[in-house]
Structure formats: structure tokens, C-alpha cells
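I opened this notebook to record what I looked up in the structure. The entries follow in the order of the look-ups.

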Amino acid sequence: KEKAEDTARQQAEGDTGKVLVAFFSYGGNTRKLAENAARYTGGDLFRIETEKSYAEDYDTCLEETAREMEQNARPALTTHVENMEEYDVVLLGFPIWWGSMPMAVNTFLEEYDFEGKIIAPFCTHGGSGLGSSVTDIEKLCPDAETADGLAVYGSRADQAGEQVAEWLEKLGLYGENQDREEEIQE
Ligand SMILES: Cc1cc2nc3c(=O)[nH]c(=O)nc-3n(C[C@H](O)[C@H](O)[C@H](O)COP(=O)(O)O)c2cc1C
């Protein structure tokens, strides 16, 4: 089944090159955006996962992640992109944690060579918007081109299909062969 999906994705690729949709999500909000983005671009979906699991309890998770921020930690990842050199565009999704991206996204960005690639960030958040994430990405990946980012309120993640589609259209990444009508009817 996966092979067939891969082929369909390859056929859906436009002139913009091959797209990877890499995302980190703790509560599932960002995952919804990522799934839409993969569907609309025909890109490959990749979930950034950490060795450690963050506490389900929100306050405990806040404490854990605050400590990571203080220590400028690089949590180890259990998932890896085998063929990063094949991608021209990386749509990078994450929740805003403490005003920027989770430290696991830093680990991800340091693992690969993004030279010549376009990184288009998207996030879900509780009010911060993209925070300092874009600047942080640019610092970690000075050889990549950073495209305009998308910020969606976490509470709106379920209804963000159209926002995601419009963002991708602006970036010229919206796939012609995707059946947007099914998802977003006026
Ligand atoms: C540890 C932690 C820190 C957070 N820090 C912020 C923040 O600084 N600013 C903000 O707007 N939202 C913050 N949030 C809210 C999340 O960004 C928001 O709920 C997001 O949609 C979660 O995405 P997810 O379900 O994909 O994990 C934080 C959430 C958590 C769990």
C-alpha cells in the first residue's frame, strides 16, 4: 500500500520539486495541519519523534520542556529521513513551545544538510504566532532559504484546511492534482 501511495505522490509532483512535510506534534494539532499539507502538495509525510516521551500532564510537560529550553537540549530522535537529498522543499511543522519550536526540531535541523533547500515553517500555537521560530531556523540553517511561515491557533487546527491550502498556493506548492474540493467546499 505504501508503495502505491509513493507512486501517486511522485505523479502529483509539480515543477517545484519534491516536497517533504516534516512535523513534530505533542497533542495532535500540528499533525492535522501536516496531514493537510501533505495531501495538498503530494509531499511525503514525516513525523519527528523523540526517544523520550513528554508527560501527558500539561503542567509536567511545561516543566520538562522548560528545562530543555534552559539547557539548550537536543533530545534524541527515533525517526530519520533516509533520503533528505531528494527533497527540494521541506514544510516544517511544530507547536510553539516557550515562544519557539520544540528542542526536538533543533535536533532535526542539525541532523541534515539543508543547503539550497527551501524550508517553509508552519506552526500551531496558543497566541504567540510563530514567535522566534523563524529566526531560530535561520540561525540553524543559514544555507537554506526560509519561506513565509504559517501560524494557526491550536484550537483552529481542525478547521484550518483552507488556510493551509491558501498558504501553499502563495508558495506555489499547491498541487494541481489534489482534490481540494472534497476538503474545502465553499
Ligand atoms: C510545553 C508547551 C509550551 C507551550 N508554549 C507556548 C507558547 O510559548 N506560546 C503559545 O502560543 N503556545 C504555547 N503552547 C501551546 C501550543 O503551542 C499549542 O497548544 C499547539 O497547538 C500544540 O500543538 P500540538 O497539539 O501539535 O502539540 C505550549 C504548549 C506546550 C505543551
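I located Trp 98 in the loop between E3 and helix H4 (103-111); helices (H or I, at least four residues) and strands (E, at least two) are DSSP runs, numbered from the N terminus. I noted that the model is predicted, that local features need pLDDT of at least 70 and side-chain atom pairs pLDDT 80 or more, and that totals for chains, interfaces and linings use all residues. Residues are numbered from 1 along each chain as its sequence is written, and side-chain values use heavy atoms, without hydrogens and water.

I read a positive phi near 50° for Trp 98, a residue other than glycine.

I then turned to the ligand. A backbone N or O atom of Trp 98 lies 3.0 Å from a ligand nitrogen atom. For Ser 25, I found a polar side-chain atom 2.6 Å from an oxygen atom of the ligand. A polar backbone atom of Gly 27 is 2.7 Å from a ligand oxygen atom. The protein covers 87% of the 650 Å² of accessible area that the ligand has on its own (Shrake-Rupley method, 1.4 Å probe).

Which element gives the most to the shell around the ligand? I found that H3 does, with three residues.

I placed Asn 72 in the loop between helix H3 (58-70) and strand E3 (89-95).

Technical notes:
Polar contact = N/O pair within 3.5 Å; in protein donor to acceptor, adjacent residues only side chain to side chain.
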